[in-house]
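Okay, thanks for coming, everyone. Let me put the sequence and the structure up, and then we'll walk through a few parts of it together.

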Amino acid sequence: MEMLAPATPKSWYLPTKPHKFCPGCGHGITLKALGEAIDELGIQQETIFGCDIGCSLLAWNFFACDSTQTHHGRTTPVMVGIKRARPELITIGYMGDGGGYSIGSQHLLNSAVRNEKVTLILVNNTNYGMTGGQMAPTTLPGQITETSPYGRDPETTGYPTRGPEFIAELTPEGAYVARATVSKYKQLKRLIRNAIRNQMEGNGFSFVEVLSTCPTNWRTNANQTWNFLEEKMEQYFPVGEIKSPLGKGDK
Amino acid sequence: MEKIIGEPKKAFMTGNETVAWACLAAGADIMFGYPITPQNEVMHYWTRLAPKYNRNFLQTEDELSAGFTTCGAVQAGKKAFTATAGPGNVLMQEPFGMAEAMRLPVLSIIQQRGGPSSGTVVYSQQEVTLTTYGGNGEGHRIVYSTATHQEVYDYVIKGFNTAWKYRFPTFVLGDGYQAKMREPLEMYDPQDKGIEIIQPYPLIGIPGKIGEDREPQHLCNIYSLEEELYEVVMRVSAEYESISPEIVEFQARNCEDADIIIISHGVVSRAADDAVKILRAQGIKAGYFRPITLRPFPQQQLREVITQSGAKYLLIAESAYGQLERLIKQEIYGETVEIETLFMPGVGIIDFDIIKKVKSII
């Protein structure tokens, strides 16, 4: 029987496919949505893709776009430097929740305050995947990780960071802030596309958090993985646009 | 290239102001900076001058960001620079490491302050180890240690050229005295001195259509396999070593018949120069050697000076507790000349200090 090959975005770099993410990981879905958004906006040639350390770094040669890989948490300032130097380029930074909300939080916060004209996509899988599943700023209360083996205790480690909510508070009008999830693909792609469009229109800082899955470190099967995403994560982290200067009714 | 200075002209200004003018004259496009003493006035002058010449500036949230935004801007093909000191230099070792790994032509001006920790805001030569070998790498950097404001001006211009020609992160290592003192110098447009300015070029966002004219650029600094990294580091090391002879700079005076050779760098070398003149007038055969590049180090030249003079002693004088001494010792391993030291960490050294020390040795 002939295998039916799934459609791949034009902006994907095919020599590096299949990609290297774990089975069941949400990065592949997120990067497919990003690739399709780049295609639909017709910006492959002027896009600069930058990725962090952590699992996101596996995307360093993912796209047929000029790309650069940075250090943990430092993708934001590198993207800012590129955009400040060459405003005609479209800079898309890609990072995890550890990179964005912990080790690079000062960069995220201050670039949001300065309303830097960059697009950042932050994948939230509630743990540090690449380093072996430690507690992240986004780990849910009670969630077991390698550094919260008895479950995250908010009394001693605080509550999960709600990134888009604090970024929305920090940014002026013109910024775009949203949260998407890999469980709702069409919305995911639309929000990513909006976040890029917002940069293209020169409106301001554009940020999308993407709720994602990590069955390897969660130690979950397919059912449990999807349940954790849809029942637990989406409950704690509400999905949707939080702030958008783009016109209503954009589909 | 745009002329900034016009006819070469005399100026009397601080070293930090000198840096800003030199960056303008060298054609720098953008500075990223974060406040720390004693480099602040580099930003103060740059922010006043830059808009008049269509140049840019961003004050970042910290030195990590200043270093990484600089890395981003040079990847995008712009002449970008930063300036820092002390704890800021510590934080910038992370982006400097990336610049080493990815061969990014970042120019950084380091105005050394006292250390460790916050130390003083005044002066020292305690950032030699950090600036030459900081970071989790092999020290593939080019470090010019300046002594006068004229050199600050000259080497900032040269530093941009070195960085973009060889694509190694390049440093102009000054200090609080050089930053804050006023001193006469001549400012000029590089083209008027026959200096060809090396034009920057992008590493990403390059011309050509991806998929038709060229492959996408995929820059990285991480490798999956030990062997991949080994190949890269060995290749970069070989390249660094092969270009080192073209880059190395030093001064040697009165060494031919010297009994004792005084080695110093940066602003201390001015005291050493004076001390040698006075000692010579008193009949003491003192020589003067100064590495201008601390990385790469003028190893061969120093060994030759030691051998040819037959000097009994080296006296290493520095405003640190042995940072220059360690550099020298690793470079001249095997020489049997006796090494004496004058360590005055965090304080200035004048000719009298050196003369007194020489007389206690000879």
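Before anything else, a word on strands: two strands pair if DSSP finds at least two bridges between them. The elements themselves are DSSP runs numbered from the N terminus, helices being H or I with at least four residues and strands being E with at least two.

And some housekeeping. This is a predicted model, where local features need pLDDT of at least 70 and side-chain atom pairs count only at pLDDT 80 or more, while totals for chains, interfaces and linings use all residues. Residues are numbered from 1 along each chain as its sequence is written, chains are lettered from A and ligands numbered from 1 in the order in which they are written, and side-chain values use heavy atoms, leaving out hydrogens and water.

So, the sheet. We have an open sheet of eight strands with mixed pairing, in the order E9(A)-E7(A)-E8(A)-E4(A)-E3(A)-E1(A)-E2(A)-E9(B). Its edge strands, each pairing on one side only, are E9 (240–243) of chain A and E9 (218–219) of chain B. Look at the chain A end: E7(A), residues 176–181, runs antiparallel to E9(A), joined by three bridges. There, A:Ala178 has A:Glu241 as its bridge partner.

Now the helices. H7(A), residues 185–200, lies across E3, E4, E7, E8 and E9 of chain A, at about 160° to E7(A). Those angles run from 0 to 180 degrees between N-to-C directions, and axes are lines fitted to C-alpha atoms, for helices over the stretch in contact. Contact means heavy atoms within 4.5 Å.

Which residues of H4(A) meet H6(A)? They're A:Leu108, A:Leu109, A:Ala112 and A:Val113, and they meet A:Phe166, A:Ile167 and A:Leu170 in H6(A). The two axes come within 8 Å and cross at roughly 35°.
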